[in-house]
Amino acid sequence: MEPLSSDARAILGLELPTDPRWVDLAALSLAEILTDHAWCEQKAAITCITILQRNSDRAAVVEALAPIVTEEWGHFRLVLAELKKRGLQLGRQRKDDYVNRLLTFAQKGGSHDDRFLDHLLMMALIEARSCERFKRLSEGLDDPQLRKFYRRFMESEAGHYALFIELAETHVPKEKVRERWGEWLAFEAALMKELPVRGDRIH
Ligand SMILES: [Fe+2]
Ligand SMILES: [Fe+2]
């Protein structure tokens, strides 16, 4: 995985760290966590396809996102394999309060470019928060194999976070990206404060 560029690193900064109780709750609900995680990966793949479809005239987007679709689908399959190993089934998709609430912040009107920017920044944010949560799991679970499992996801999602930011900066003036990113970070921090700490959800 490519290391984060200094630009991307400078603006990662989630404003509110995850409640330390979350990983202990997650450890008690591993089956739920794995199912929720699997669906998160599936949604990531679908969203990359959607962004690619809506921006097929932007070569950099097509080129960058086509392989990420494969990666996210590969992640989905890795989690499926982990579920199977544990005698668990995928189960039904859960209501995703975190993502649904983030969607309310994304611009519905405005120009195509504004919606494009918000789509990319929302994805960057979900990757950043996922990365943080996977880090917690990689450090806080007892099972050494699962710790390694989540370490790999953490690294991969950090790379995706950087890619979405860089993609935004390729098409939109950097100042505008930074300004809107700050707004997203503030919105997400307020949302995290409001959502209950649940051990059965990745977010
Ligand atoms: Fe992923
Ligand atoms: Fe990702």
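**Close-up views of the predicted model**

**View 1. The start of helix 7 in the predicted model.** Asp-143 places a side-chain oxygen within 2.8 Å of the backbone nitrogen of Gln-145, at the start of helix 7. The helix itself comprises 28 residues. From its first C-alpha to its last, helix 7 reaches 42 Å, close to the 40 Å expected at 1.5 Å a residue.

View 2. Because Glu-72 belongs to helix 4 (residues 59-85) and Glu-157 to helix 7 (residues 144-171), the pair ties together parts that are 85 residues apart in sequence. Glu-72 and Glu-157 are both buried.

**View 3. The two iron ions, ligand 1 and ligand 2.** A distance of 3.4 Å separates the iron ion (ligand 2) from the iron ion (ligand 1). Glu-72 coordinates both ions.

**View 4. Confidence along the protein chain.** The mean pLDDT of the protein chain is 93, and 94% of the residues score at least 70. Confidence is highest in helix 4, at 98, and lowest in helix 1 (residues 6-12), at a mean of 45. The pLDDT is below 50 over residues 5-11, a stretch that has 14 contacts in the model beyond near neighbours in sequence.

Terms used. Residues numbered from 1 in each chain as written. Chains lettered and ligands numbered in written order. Predicted model: local features only at pLDDT ≥ 70, side-chain atom pairs only at ≥ 80, totals over all residues. Heavy atoms only, no water. Donors = N, O, S within 2.8 Å, 3.2 Å for Na, K, Ca; no water. Helix = DSSP H or I, 4+ residues; strand = E, 2+ residues; numbered from the N terminus. Buried < 20%, exposed > 50% of the residue type's maximum accessible area, 1.4 Å probe, protein only. pLDDT = per-residue confidence, 0-100. Contact = heavy atoms within 4.5 Å. Expected span 1.5 Å × (residues − 1). Polar contact = N/O pair within 3.5 Å; in protein donor to acceptor, adjacent residues only side chain to side chain.
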